[in-house]
Amino acid sequence: MAAPRTLFIADQFADTDRDPESRYPGGAEQTDEAILAAAPWPVDRVAARDATPALLERYDLHVIGNLALARPELLQALARLGRHVLFEHDLRICRHRGNFPAARDPVHRWIGRCVCPHRRWRPILASSLGMIFLTALQLSVYRSNPFFSPPAVRVLGSSVFGQDFFDRVRRAPRVRAREGSCMLQSPQRIKGTRAALRYCRRRGMTPHGIRNLAYDEVLDLLERSRLFVFLPTHLEPAGRMPVEARFLGCEVVTNANVGVASEPWWHFPDDQALEILRDAGPRFWRIVGELRAAR
């Protein structure tokens with residue numbers, strides 16, 4: 001069977017120009033970049049602002065990442081064609097994108113769950129070939145919304161990392177002097193910066209805050225640190241940084257809100273877990289193929 005003509009659509013990609021406050025790509029963009037690099041057949045990509053219904057017609061398969069910037073006519077065309085697989089980075093169906101602490105609605109803020117009807121996404125979900133979730137925890141939060149019945153679903157098990165990361169893990173010395181702790185420093189309350197800071201201070205540590213650093217700078221800091229603390233207040237669908245910290249030799253302190261911490265492979269020995277992580281990119285495309293073949 002010939003490879004499907006495939007278009008990957010997302011709001012932005014890792015090489016998109018950033019603003020001064022967010023100079024570097026986020027986790028979704030890094031994962032998408034690694035997924036595109038792992039594709040077993042040619043895959044074109046387009047930013048949501050540049051995608052048109054006419055462009056969609058030229059492809060057999062549409063893979064949809066974050067799409068908050070999509071115009072109504074693009075969503076209507078996607079639903080009409082029904083050739084798309086949805087890749088869930090956070091909570092697409094939630095008007096707050098899962099950022100419950102920032103919500104004005106008390107149900108989101110106090111109970112920590114999504115009850116958005118979000119009619120904008122219903123036709124897209126109903127017409128999709130299926131949905132790929134990062135972790136089972138993310139899927140469980142999605143399913144707790146009473147307004148949605150997901151179509152065919154699959155769980156990838158983690159974010160996706162590029163070959164450069166695995167090369168770095170391989171080169172990292174097995175034994176080295178380490179000192180200090182580090183934590184994600186984010187203005188978003190959901191990321192748990194205050195909780196991580198309290199954890200460290202109660203143990204007499206002054207952690208190094210990770211904020212707005214280039215990717216290699218983040219990995220450099222993790223390689224030097226003994227401890228990485230990440231304690232989000234609500235759902236973290238997967239969690240790239242805890243994975244990076246673990247395989248670069250940090251002791252990782254996290255909680256049940258972190259998706260990867262609930263995945264079976266997280267509790268495997270490092271060698272076995274790393275092989276599962278290394279397969280995440282190829283596994284993504286195998287799942288896409290299975291969802292397309294099942295329709």
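**Helix 3 and its surroundings**

Analyst: The buried residues of helix 3 pack against strand 1, helix 2 (53–57), strand 3, strand 4 and helix 5 (122–126). Contact means heavy atoms within 4.5 Å, and buried means under 20% relative accessible area with a 1.4 Å probe, protein chains only. Helices (H or I, at least four residues) and strands (E, at least two) are DSSP runs numbered from the N terminus.

User: Which residues of helix 3 are buried?

Analyst: They are Leu74, Leu75, Ala77, Leu78, Ala79 and Leu81. Just after the helix, Gly82 has a positive phi of about 65 degrees.

User: What should I know about the model itself?

Analyst: This is a predicted model, in which local features need pLDDT of at least 70, side-chain atom pairs count only at pLDDT 80 or more, and totals for chains, interfaces and linings use all residues. Residues are numbered from 1 along each chain as its sequence is written, and side-chain values use heavy atoms, leaving out hydrogens and water.

User: In what order do the strands of the sheet run?

Analyst: Six strands make an open, parallel sheet in the order 2-1-3-4-5-6. Strand 2 (43–47) and strand 6 (153–155) are the edges, each pairing on one side only. Two strands pair if DSSP finds at least two bridges between them.

User: And how many disulfides are there?

Analyst: Zero, taking a disulfide as a pair of cysteine sulfur atoms within 2.5 Å.

How values were computed
Buried means under 20% relative accessible area, exposed over 50%, partly exposed in between (1.4 Å probe, protein chains only).
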